[in-house]
Structure formats: structure tokens, C-alpha cells
Amino acid sequence: MNILATENKAVITLFGATGDLAKRKLYTALFKLYQKGYLQDHFALLGTSRHPYTDEEFQQVVRDSIKDVEETRKGEAADFSKHFFYKSHDVTKPEHYTILKKRIEELDKQFGTEGNRLFYMSMAPQFFGTIAMNLKKQDLLSDEGFNRLVIEKPFGRDFDSAKKLNDELSKTFDENQIFRIDHYLGKEMVQNIQALRFGNTIIESLWNNRYIDNIQVTLSEKLGVEERAGYYDNSGALRDMVQNHIMQIVAQLAMEQPVSFTDTDVRVEKIKALRSLRVYTPSEAAANFVRGQYDAGNGTEAYRDADGVAPDSGTETFVAAKLMFDNYRWSGVPFYVRTGKKLADKFTRIDVVFKKPLIDIFADPRHESDQTLNSNVLTIFVEPKSGFAMQLNAKRAGQGFTTQPVDLKYLQSDTDKKESPEPYERLFHDALEGNHTNFASWAEIAYAWKFVDVIRKLWDIEKPQFPNYVPGSMGPAASDELLARDGRQWVYRLNH
Ligand code: NAD
């Protein structure tokens, strides 16, 4: 146990305690916080769902979920699981909350959690509003300590539904008590964007439209929809990836330097950046957004043939787009973004393409192809490898004078990787500490939905020509054409 870590004291009430997310991610995240000392003796988790478990059965579920995490001392997993308790509960039944209230109060006393309460909603979003309402009506909030709500995605399906949900939550919780999860914000290299930018004069001084030609963000998945087909067919890549993860990454790339690195100041700048994102008219949206859906090929079935997907589904499994920020720093610089399923590989990266030198003094006027200099590119590798590379031009060794691109590269070592907390560990920790930096605020979500709603409306009216890309590619040809039209290309492309 790391005795330097500050212990957090709280009763965590987890709605959806037997769900996939809880078993795959949340218990492991909490166990790691326990191993590091951020959780010690003064915490308890009250799990709820409809399943009829006893405390002992639930503790076994928790131990099974964390069995692959190495123990740092013998008996640690067993000791950890003794902090877990269970009440079967139907979130739609007000009378069930009275039972939860009593149990939370008992656990608070038993574990000395000083009235701190964290409510975690890890279940279908249609229940979020109902739970929040009942937490207030049935008086589950504490008068001492903190009351916080952690809420999973998706946060609405469009601006109107997101606003409705936010209004419902706001009746029970203030904005500073709500922690909206976007697990991309828990990733080491997404957090590193700010260190890279605001910690390095040579980067931040060039971070504007005088020196940057374009910025590219790629969230590429190799898998298809698998067992999430039913959910996905109702959502699509625009809602599932662009509105949240891509918007959050882009906001961090575009934002101005915050006054300090506190959650309040960072939020102010992200919101300002999203406010200057150009909201397209329908015709601009048609010109600047590309959608795709994967066909059969390379040994896999087409999206439309997946279980739970309509045979004529118009749901997009790929989106590419050109975004523009109308502000002094970014005027004229396109942010190209893309995400999709069944693409060539699983990775997330950001490529910042700098302008070429205005004059190439190394060009050989005797040859037609006289441009020898490449653009400098800063690539931030978010996953699976974490690190960054700066592509520079250097002299090719040998006689004569030609240049070639070379990479200055930093990749996290395996030891660093081991030290880096998984997104859910980091986010749980931040919520327990009350730090909002890596959570999405309502204003950010609202701007992102307003931007995305225009595209969604357009796509809901116009029938797409699907399927239009093969598994194992980097999406439909129109994605490459989106950049080619501007005389540019994706930095990451196949066979390159
Ligand atoms: P899940 O369907 O596996 O689990 C849902 C849980 O809610 C179960 O414990 C179930 O018993 C409980 N439940 C359902 N109806 C209930 C009711 N009326 N009363 C009480 N309990 C009820 O869902 P999941 O995959 O764990 O996802 C949970 C949340 O996390 C969702 O908001 C989802 O969008 C989000 N999320 C999940 C993942 C993932 O990888 N699974 C990733 C990102 C976000």
C-alpha cells in the first residue's frame, strides 16, 4: 500500500452492479485504488441491481472480476471484497430507495466514511433521471460530507434529450456534484495533450494558424459491432464516438491556455473553444461530413448481416469530417477527424501537420519534382502505444544534398505503462477527490450536441448509399476525397 496516497472516504452506491461495465472495469479500477492506498479502511460499496444476491455472493462476483489483477500482498483481494455489500433493487420503485438509504447510513457508520456519498449510475440511460429524482425524494443525500453523482455515457441522443436529462439531474445535483464520464479523458496521452502544449515553448508558440496547416484525429477500431449491435444500430458512430470522445479531444487541441491547471479554469477554455466551433448549415454539413458502413469482406460479415441489425440499416459505422474553429488562433485551419469500425487496425492518434517552409532552398531546379521538404508532423499516439513523435527534415547522409524526413520519438516504456492507471481508475479517483478536469461539463456536452444535431438531422432525411467500405480498409473513398479536395491527405494511410 502506498502510504503517500491520500485515503478517500466514501460510501459508493453503484446502480448496475452486476452489469458488464462494473464487472469488466469498475471493480478492477477500485481494487487498484485500494492497492495504491487511495481507498483504505474507510470505504464501502453498496451494489444494486435486480439480481437477488446476498452480500457474500456479491463479494464473490467482485473477487471473480478482479482475479487477474496481481495481489501486492496475500489476502488483499479477500480483504478488499469485504468492503462490498449488496441490495437487490428496482430503480423504478420508490419504496426500494428507503431500504438503500438505511443500508447506506449503516455502512457510513460502520466504515467511518464521514457522510461522503458517491452515486455511480452504470446502467441504461433511460433510468438516470428516475434514479436522481428518487435519491432526492427518498432523502438519500447526506447532510455532512459530499454528495456526488458519476454518470456513464451516453448523455442524451441529441441536444433536446440531453437537456431534458440534465434538467432532471439538476433537480437533485448541482453541476459541481455531477461527473459525466468520457473514458477517453482518462487516457494518459489525451491528458498529455495539455502537458505537451502548455509545458513546451517550442510547441505552444507554433500552435496556431501561422504555423499549423491542419490537425487530424483518428479513432480507429478493428472490431465490428459484435454483441453491442442492438445498441449500436440505434446510435451510430456520430453519436457513439464523435459527439463525445472526438469533441473532447478536439476541444483540448483547440483551447487557449487556461489561467491555471484547475478543473474550473480548464473547463472555461474548453467551453470557449467549443463555442467557436463552426456549426454547419445543412449544405455545409453535407459537404464536410462523410459517413460509411462496412460491407462483407476479408472473412467477416457485413454490418447489415450482424445479429440485431436491420437488413436495410442506414446506421453509420464510420464518420469522417472537417471541422473549423472561427477564432483568431484557428481561422483557416481544418481539423479533420475520423472514426470507424472494422478498419485496418485498432489505434487512436492525433497528427498535427505544420506548414512547409515558404521557400525550399534545397529544391533542385533541374528536376521537375523540385519540392523535397516534407511537412513537419507532430504525432500523438494515444493507444495502443502511448507517446509522440516529431517528424523533421534532415540531410540524407552521403554525397550531394538531399533531405529526408526523420522522427524524434518518445514511446512510453512498459514500466511507465504499468504505472499508468487505466482510465476508469483515474476517473474514479478524480471523482472521489472532487476534481472535474477529466469529466465533461454540461456546457461542453450542449455545444457538442448542437453541432452534431445538424448532421444527424441531415443524415436522417437522406438515405445513404450503404455499404460503402470494406473491412480492413480505412473507410470509404469519400473520406480520402474530403482531404484531397483541399489538396491534403491523411497522414496515417494504408501502405504508407
Ligand atoms: P448492462 O446491461 O451489462 O448492465 C446493466 C445493469 O443494470 C445490470 O446490473 C442490471 O441488473 C441493472 N438493471 C437493469 N434494469 C434495472 C432496474 N430496473 N433496476 C435495477 N437494476 C437494473 O450494462 P453495461 O454494459 O454494464 O453498461 C452500463 C452503463 O455503462 C450504460 O450506460 C452504458 O452505456 C455505459 N457504458 C458501458 C460500457 C461497456 O463496456 N459495457 C462502455 C461505456 C459505457
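The dialogue below discusses how to read several features of a predicted model.

Reader: Which conventions apply to this model?

Author: The model is predicted, so local features need pLDDT of at least 70 and side-chain atom pairs count only at pLDDT 80 or more, while totals for chains, interfaces and linings use all residues. Residues are numbered from 1 along each chain as its sequence is written, and side-chain values use heavy atoms, with hydrogens and water left out.

Reader: Which domains does the protein chain have?

Author: Domain bounds come from an automatic or database domain assignment. Here the assignment gives domain 1 (10–152) and domain 2 (185–484). Taken over C-alpha atoms, their centres are separated by 35 Å. Domain 1 brings 18 residues to the contact and domain 2 brings eleven residues, where contact means heavy atoms within 4.5 Å.

Reader: How is the area buried between domain 1 and domain 2 to be read?

Author: The size of an interface is often given as the accessible area lost when the parts come together. Buried area is the accessible area (1.4 Å probe) that two parts lose on being put together, summed over both. Between domain 1 and domain 2 this area is about 1300 Å², and carbon and sulfur atoms give 72% of it.

Reader: How many salt bridges cross the interface of domain 1 and domain 2?

Author: Side chains of opposite charge can pair when their charged atoms come close. A salt bridge is a side-chain nitrogen of Lys or Arg within 4 Å of a carboxyl oxygen of Asp or Glu. The rule finds one salt bridge across this interface. Elsewhere in the list of pairs, Glu425 forms a salt bridge with Lys36, with the closest N and O atoms 2.7 Å apart.

Reader: Which elements give two or more residues to the side of domain 1 that touches domain 2?

Author: Helices (H or I, at least four residues) and strands (E, at least two) are DSSP runs, numbered from the N terminus. The elements in question are strand 1 (10–15), helix 1 (20–36), strand 4 (117–121) and strand 5 (147–151). Helix 1 gives the most, with eight residues.

Reader: Which residues come nearest to the ligand?

Author: A residue is near a molecule if one of its heavy atoms lies within 4 Å of it. Of the 20 residues around the ligand, Thr18, Asp20, Leu21, Arg24 and Lys153 come nearest. A polar side-chain atom of Thr18 lies 2.6 Å from an oxygen atom of the ligand. For Asp20, a side-chain N or O atom is 2.7 Å from a nitrogen atom of the ligand. For Arg24, a side-chain N or O atom is 2.5 Å from an oxygen atom of the ligand.

Reader: Which peptide bond is cis at Pro154, and where is Pro154 found?

Author: Most residues other than glycine have a negative phi, and most peptide bonds are trans. The peptide bond from Lys153 to Pro154 is cis, with omega near 5 degrees. Pro154 is found in the loop between strand 5 and helix 6 (159–170). The peptide bond from Phe466 to Pro467 is also cis, with omega near -10 degrees.

Reader: What is the phi of Glu226?

Author: Glu226 has a positive phi of about 50 degrees although it is not a glycine. Its place is in the loop between strand 7 (212–220) and helix 9 (229–233).

Conventions:
Polar contact = N/O pair within 3.5 Å; in protein donor to acceptor, adjacent residues only side chain to side chain.
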